[in-house]
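Please look over the sequence and the model below before reading on.

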Amino acid sequence: MTPTSSPATPAKRQFTVPTVADLAAQGKTPEILFWVGCAGAFDDRYKRVTRAFARILEHVGTDYAVLGLEESCTGDPAKRAGNEFLFQMQAMQNITTMNGYGIKKIVTACPHCFNTIKNEYPALGGEYEVIHHSTYLQQLINEGKVAVKGGESFQGRRITFHDSCYLGRANNIYEAPRDVLAALDADLVEMKRSRANGLCCGAGGAQMWKEPEPGKKDINIERTEEALATLSGQAAALDNLRGVETERTAPSEHSLQGAIIAVSCPFCMTMMSDGVKNKEQESAVQVFDLAELIASAEGINA
Amino acid sequence: MLQPILFALLLLVAFGLFTWQVRKIRANILVGRDRDMSGHFSERLNKTVLVAFGQQKMFKRLTPALLHLVVYVSFLVINVEVIEIIIDGLFGTHRVLRFLGSVYDVMMATNELLAVLVIVAVAAFWWRRNHNPPVRRFTGPELRMWPKLDANIILYIEVALMVALLFMNAADIRLHELRREELPGTFPVSQFLAGLLPAGSETALEVLERTGWWIHIIGILLFLNYLPSSKHFHIIMAFPNVWYSRLVPQGQFSNVESITHEVKAMMDPSYEVPAPPVGPDGSALAPTPFGVKDVEDLAWTNLMQAYSCTECGRCTSVCPANLTGKLLSPRKIIMDTRDRVEEKYNSPLIFHPNVYGEEAKHEPITDLANATLLRGKVTPEELWACTTCNACVESCPVNINPLESIVEMRRFLVLEESAAPNSLNIMFSNIENNGAPWAFSPSDRLNWADDLYVAEKATV
């Protein structure tokens with residue numbers, strides 16, 4: 001045996017993401033279906049998250065597959081916008097596909113897909129165990145399948161987590177994403193409006209596809225300002241904007257350089273990234289999904 | 001002898017009037033669509049104990065929670081004394097519960113201390129509402145005029161009741177001193193107030209004591225009959241409202257079953273759609289519309305929620321749309337619902353619909369009878385500003401769900417009127433044609449997986 005090669009030239013392996021149809025042709029059913037979602041499949045920024053999560057699945061040797069071309073919108077935006085008919089058409093179509101393949105367990109990186117499949121598909125005949133990728137990553141870390149080392153170090157970097165409404169208030173998942181981030185050994189800071197009091201990024205309820213109603217400000221700007229103030233240690237300066245009472249002590253100055261806003265939802269990703277650009281901080285502050293941070297810390301990007 | 005008869009008559013009229021008003025409200029609530037809320041007894045009991053009795057959700061913000069706790073606990077405790085007042089009034093007795101001995105001492109002392117705390121808390125409430133600028137959630141177009149006055153009237157009545165209680169005791173102390181009799185009970189506050197009262201005239205003191213007594217009980221009975229017209233009705237409705245909370249995850253929106261039948265029939269021609277409901281005479285009932293246009297399209301639980309709202313504005317203060325200056329205010333949706341149902345059906349004794357002016361960007365409504373909840377009170381602009389983030393639902397101390405009404409009204413706009421904003425119509429057709437809300441080709445759905453590599457790590 002030769003000694004391990006230097007980390008400068010890591011070995012990499014190409015892989016093909018299996019589709020459920022391919023597996024079915026071999027008489028197999030995946031243990032877990034990776035529901036990619038429309039943003040994960042089409043949005044250029046979120047495709048990177050999908051790829052990072054696929055690398056993680058591949059890295060730990062999960063028995064997974066995707067629906068590929070057979071996947072269709074869950075119907076979430078239609079339902080939130082009041083188009084129940086279109087929602088149910090989409091839902092029934094997806095349920096027929098998944099039940100046809102005998103799908104039992106689903107993981108998805110989109111809280112909207114997660115909420116819809118988990119909570120709204122059962123009434124239409126789709127009963128699955130659905131987990132969000134934040135919970136799945138938490139499990140992988142807890143089980144030691146992902147060591148969160150060997151790649152980029154996040155030690156000491158300031159990270160704040162922006163709660164997704166459809167993960168948090170909608171489904172009471174607050175700790176899983178935080179546990180995942182804790183594994184990075186970074187400097188985690190909480191925004192004042194976090195967990196159940198988290199402020200929406202502004203994209204939910206089909207707002208993603210329309211211009212906001214007239215107002216004083218865009219919601220993503222309000223939220224980005226809070227995130228940036230938190231990361232720079234100036235959160236107290238924002239007190240006057242909000243009715244939230246605080247127990248935070250005197251602010252301390254931090255450079256925004258290298259700070260990270262962590263998200264776990266494709267729409268939050270878009271809204272927060274746009275907000276950071278609007279505040280002209282894109283060269284200092286980055287917006288990353290949990291899966292990207294973990295894949296990067298694990299050193300499996302290639 | 002005259003006094004007990006007068007008192008009995010007063011009680012009869014007051015409770016009769018109150019019952020009459022409550023029946024009207026009950027009828028208003030039952031205007032809503034039927035919704036089966038049976039079952040889940042232990043879960044509902046648990047929620048009622050924690051959220052309603054235990055005020056769990058109030059404690060997200062400590063200062064108002066403590067102030068409210070004082071008034072709430074006092075309401076429960078001081079009402080024990082009301083039982084005594086009623087017995088005394090009916091049978092001409094005086095402080096009939098004195099046989100409780102030391103327990104009575106503790107009771108009276110507690111009541112007096114609570115009365116003082118209530119006055120302090122109410123003063124703080126008044127300040128929070130009326131100083132300039134007031135706490136943000138006590139502002140907004142829906143909180144002018146009657147709702148603003150209503151909030152202050154409640155505070156004034158509460159102070160008046162507490163002052164009457166204390167002076168009644170103070171006069172009683174003086175009276176007993178004068179007659180050299182022993183007064184049952186311990187009075188840590190009014191014993192000091194007694195010093196302010198004239199010591200000489202027994203008649204004057206008797207009048208004062210009786211006045212305090214009558215003001216206290218008449219005040220309570222008037223307040224009781226004021227409740228059905230007021231946001232303060234929440235002191236009763238909070239409990240059934242929490243009992244009938246939604247028990248599913250907040251992200252789960254209701255399923256429209258009539259649509260499920262249609263979709264199933266479309267996908268499977270052999271599927272048999274259940275027969276439409278028939279009226280008592282066997283004739284088919286008019287089909288119910290999709291979504292909500294007016295109050296009777298809402299579920300009865302939504303209408304009950306409108307009567308449980310105390311207009312505290314926690315929902316509006318956390319609403320991302322409202323925070324950023326949009327027209328939407330979840331509290332207004334709930335207040336509009338109550339205004340509309342009272343306008344259209346029964347109204348209690350003192351009913352004031354909230355009339356919006358220019359401030360809420362409403363067209364002046366001339367034909368009140370035909371001005372439905374949707375458009376007549378709630379504008380599409382408000383509804384489309386919602387991000388469905390559930391912050392309002394999470395924040396409500398009595399588990400009111402404004403989001404449900406918002407989505408139901410969106411359903412009416414989209415399914416009955418095809419009145420969605422154009423950009424959303426484009427999103428709908430993208431989903432229909434491409435299976436995605438954006439205009440991407442479905443054949444590109446797996447392109448993200450092209451050229452994927454994973455770094456091989458030395459196995460540990």
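How many salt bridges does the rule find across the interface of domain 1 of chain B and domain 2 of chain B? The rule finds one across that interface, where a salt bridge is a side-chain nitrogen of Lys or Arg within 4 Å of a carboxyl oxygen of Asp or Glu.

This is a predicted model, in which local features need pLDDT of at least 70 and side-chain atom pairs count only at pLDDT 80 or more, while totals for chains, interfaces and linings use all residues. Residues are numbered from 1 along each chain as its sequence is written, chains are lettered from A and ligands numbered from 1 in the order in which they are written, and side-chain values use heavy atoms, with hydrogens and water left out.

**Domains of chain B**

- Chain B is divided into domain 1 (2-30 + 61-229) and domain 2 (291-357 + 365-423), with bounds that come from an automatic or database domain assignment.
- The centres of domain 1 of chain B and domain 2 of chain B, taken over C-alpha atoms, are separated by 34 Å, and their contact (heavy atoms within 4.5 Å) takes 26 residues from domain 1 and 31 residues from domain 2.
- Between them, domain 1 of chain B and domain 2 of chain B bury about 2,400 Å², 53% of it on carbon and sulfur atoms; buried area is the accessible area (1.4 Å probe) that two parts lose on being put together, summed over both.
- In chain B, a salt bridge joins B:Arg331 to B:Glu142, with the closest N and O atoms 3.1 Å apart.

**Domains of chain A**

- Chain A is divided into domain 1 (20-138) and domain 2 (145-240 + 251-298), and the contact takes 28 residues from domain 1 of chain A and 31 residues from domain 2 of chain A.
- The C-alpha centres of these two domains of chain A lie 24 Å apart, and the domains bury about 2,300 Å² between them, 71% of it on carbon and sulfur atoms.
- The count between domain 1 of chain A and domain 2 of chain A is one salt bridge; in chain A, the side chains of A:Arg45 and A:Glu292 meet in a salt bridge at 2.8 Å, N to O.

**Interface of chain A and chain B**

- Chain A and chain B bury about 6,800 Å² between them, 64% of it on carbon and sulfur atoms.
- On the chain A side, A:Phe42, A:Arg169 and A:Trp209 lose the most area to chain B, together 11% of what that side buries.
- The contact takes 89 residues from chain A and 71 residues from chain B.
- Three salt bridges are found across the interface of chain A and chain B, and B:Arg445 forms a salt bridge with A:Glu71, the closest N and O atoms being 3.2 Å apart.

**Salt bridges over the whole structure**

- A search of the whole structure finds 38 salt bridges over all chains.
- A:Glu225 pairs with A:Lys279 in a salt bridge whose closest N and O atoms are 2.8 Å apart.
- A:Glu225 lies in helix H9 (residues 219-231) of chain A and A:Lys279 in the loop between helix H10 (266-278) and strand E9 (286-289) of chain A, so the pair ties together parts that are 54 residues apart in sequence; helices (H or I, at least four residues) and strands (E, at least two) are DSSP runs, numbered from the N terminus.

**Helix packing in chain B**

- Helix H1 (residues 2-29) of chain B and helix H3 (residues 62-91) of chain B pack at an angle of about 130 degrees, with their axes 6 Å apart; axes are lines fitted to C-alpha atoms, for helices over the stretch in contact, and angles run from 0 to 180 degrees between N-to-C directions.
- That angle makes H1(B) oblique to H3(B), since angles under 35 degrees count as roughly parallel, over 145 as roughly antiparallel, 65 to 115 as roughly perpendicular and the rest as oblique.
- B:Pro4, B:Phe7, B:Ala8 and B:Leu11 in H1(B) meet B:Ile85, B:Ile86, B:Gly89 and B:Leu90 in H3(B).
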